[in-house]
Amino acid sequence: MNTPFLLVTHAVEQEYIDIHWPSVDICYVKTGIGKVKAAFRLTEAMLRRSPDLVINVGTAGTLDHRVGDVFVCRHFIDRDMQKMAGLGLEHEIDSSGLLAERGFCMHWNEEGVCNTGDSFLTEWTDVTGDVVDMEAYAQAYVCRSLNIPFIAVKYVTDIIGQNSVKHWEDKLADARDGLSHFLNVLKERI
């Protein structure tokens, strides 16, 4: 059997974590912030070498949960396009089918819905989902287009409307520790 090859993406350097899984080849990709950069940099990396799985790790805000919660996301909403759902434009992706078909991350149960948009939410708005970020939907779209399984693991750093930007900055180190513990201790395998 071939050694699985994973691309692990993160938006900013402070979200980088080193994953120690035996018998897995891992390449890390810093995408930058926002959907366009994330899609472009992920596509570049995938065209160089086709991965078996893409895992996005990073931080997220929330309206309904607690700082320190970790969510495994297989369902993604594009909040920018969601506003035009009445026009029949696609704005949701569910990556669980391809993950199940390939047998990846089936034991990762901390389910959540990730809502992605090109703005850092600092005040309450009509947002659906458990967490909000600025990159995951775009990466899910690229992966689906290239028939590569995709999953995102998000650490909640801030509650939207409660000084979100400052809390995000203050919680980056906690997020790295929490994501590292989640992936290296709790999961230890794909």
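How many residues does helix α6 have, and how far does α6 reach from its first C-alpha to its last? The first view has the answer. Please keep in mind that this is a predicted model, in which local features need pLDDT of at least 70, side-chain atom pairs count only at pLDDT 80 or more, and totals for chains, interfaces and linings use all residues. Residues are numbered from 1 along each chain as its sequence is written, and side-chain values use heavy atoms, with hydrogens and water left out.

**View 1. Helix α6 and its kink.** Helix α6 (residues 172-187) has 16 residues and spans 21 Å, close to the 22 Å expected at 1.5 Å a residue. Helices (H or I, at least four residues) and strands (E, at least two) are DSSP runs, numbered from the N terminus; the expected span is 1.5 Å times one less than the number of residues. A kink of about 25° is centred on histidine 181, the bend being the angle between axes fitted to the seven residues ending there and the seven starting there. Buried residues of α6 include Leu172, Ala175, Leu179 and Phe182. Here buried means under 20% relative accessible area, exposed over 50%, and partly exposed in between (1.4 Å probe, protein chains only). After α6 comes glutamate 188, with a positive phi near 55°.

**View 2. A salt bridge between arginine 49 and aspartate 25.** The two side chains meet at 2.7 Å, N to O. This pair links distant parts of the chain, 24 residues apart: arginine 49 sits in the loop between α1 (35-48) and β3 (53-62), and aspartate 25 in strand β2 (residues 25-30). A salt bridge is a side-chain nitrogen of Lys or Arg within 4 Å of a carboxyl oxygen of Asp or Glu. Arginine 49 is partly exposed at 42% relative accessibility, as is aspartate 25 at 28%. The structure holds nine salt bridges.

**View 3. Lysine 171 with aspartate 174.** These side chains form a salt bridge of 3.4 Å, N to O. Lysine 171 is partly exposed at 29%, and aspartate 174 is partly exposed at 34%.

**View 4. Aspartate 158, buried without a salt bridge.** Aspartate 158 belongs to strand β8 (residues 150-159). The nearest side chain of opposite charge, arginine 79, is 9.6 Å away; Lys and Arg count as positive and Asp and Glu as negative, while His and the chain ends are not counted. The aspartate 158 side chain does make a polar contact with the side chain of threonine 157, at 2.7 Å. A polar contact is a pair of N or O atoms within 3.5 Å; within protein, one must be able to donate a hydrogen and the other to accept it, and residues adjacent in sequence count only if both atoms are side-chain atoms.
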